[in-house]
Amino acid sequence: GSVEAYEASVPGSSCTATGTATSKLQVGDSGAVYNKNTAGSLKVTCPFVAAPYYSSYFYLSYVKRNSQNLSCTLHRRSFDGLSGTSNTQSTTYNGSSSFFFGTYTADYFNSVTCTLPTATGTSTSSQNGIIGTYLYQF
């Protein structure tokens, strides 16, 4: 059968810092997530809830406040949770933009992990972050 679905997620309700770094994650008023750590980068993982085996567009919107590298990797994992593929995008661009990871067949477990650069201050206007994740399936 066919499916056409669109999902936009607010990172503050679905993303999490990896490991023990949860205290470095700041959720802004709009639901975006930021690295508030002024001493190092932060890894953040966000799920993509997708129907397996359908063609899918995967997007992630971000904001960058400095010239450090921001990188994100889309992970598509099979039912065993181990096998699958990944696609990495990175930028040193300052400002707001998006990564389009391409058109893929969704797998059972789909997520994106981003390394957010060091913050230059304590307010979100000085922090690098994820604004939203978007998934379109057809």
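Trainee: How do you know that strand E7 (residues 70-77) and E8 are joined, and how many bridges are there?

Mentor: Eight bridges join E7 to E8, and the two run antiparallel; strands (E, at least two residues) are DSSP runs numbered from the N terminus, and two of them pair if DSSP finds at least two bridges between them, so E7 and E8 are a pair. Leu70, for example, stands opposite Thr91 in E8. The model is a predicted one, in which local features need pLDDT of at least 70 and side-chain atom pairs count only at pLDDT 80 or more, while totals for chains, interfaces and linings use all residues. Residues are numbered from 1 along each chain as its sequence is written, and side-chain values use heavy atoms, with hydrogens and water left out.

Trainee: What makes E2 and E8 edge strands?

Mentor: Five strands form an open antiparallel sheet in the order E2-E5-E10-E7-E8. Strand E2 (16-17) and strand E8 (84-91) each have a single partner strand, so one side of each is left without a neighbour in the sheet.

Trainee: Why is Asn110 called buried?

Mentor: Buried means under 20% relative accessible area, exposed over 50% and partly exposed in between (1.4 Å probe, protein chains only); Asn110 has 5% relative accessibility, and therefore counts as buried. Asn110 lies in strand E10 (residues 109-116) and, leaving aside residues up to four places away in sequence, touches Pro47, Phe48, Ala50, Phe58, His75 and Arg76, where contact means heavy atoms within 4.5 Å.

Trainee: Why is strand E6 (residues 55-64) described as largely enclosed?

Mentor: Seven of its ten residues are buried, so E6 is largely enclosed by the rest of the structure.

Terms used:
Helices (H or I, at least four residues) and strands (E, at least two) are DSSP runs, numbered from the N terminus.
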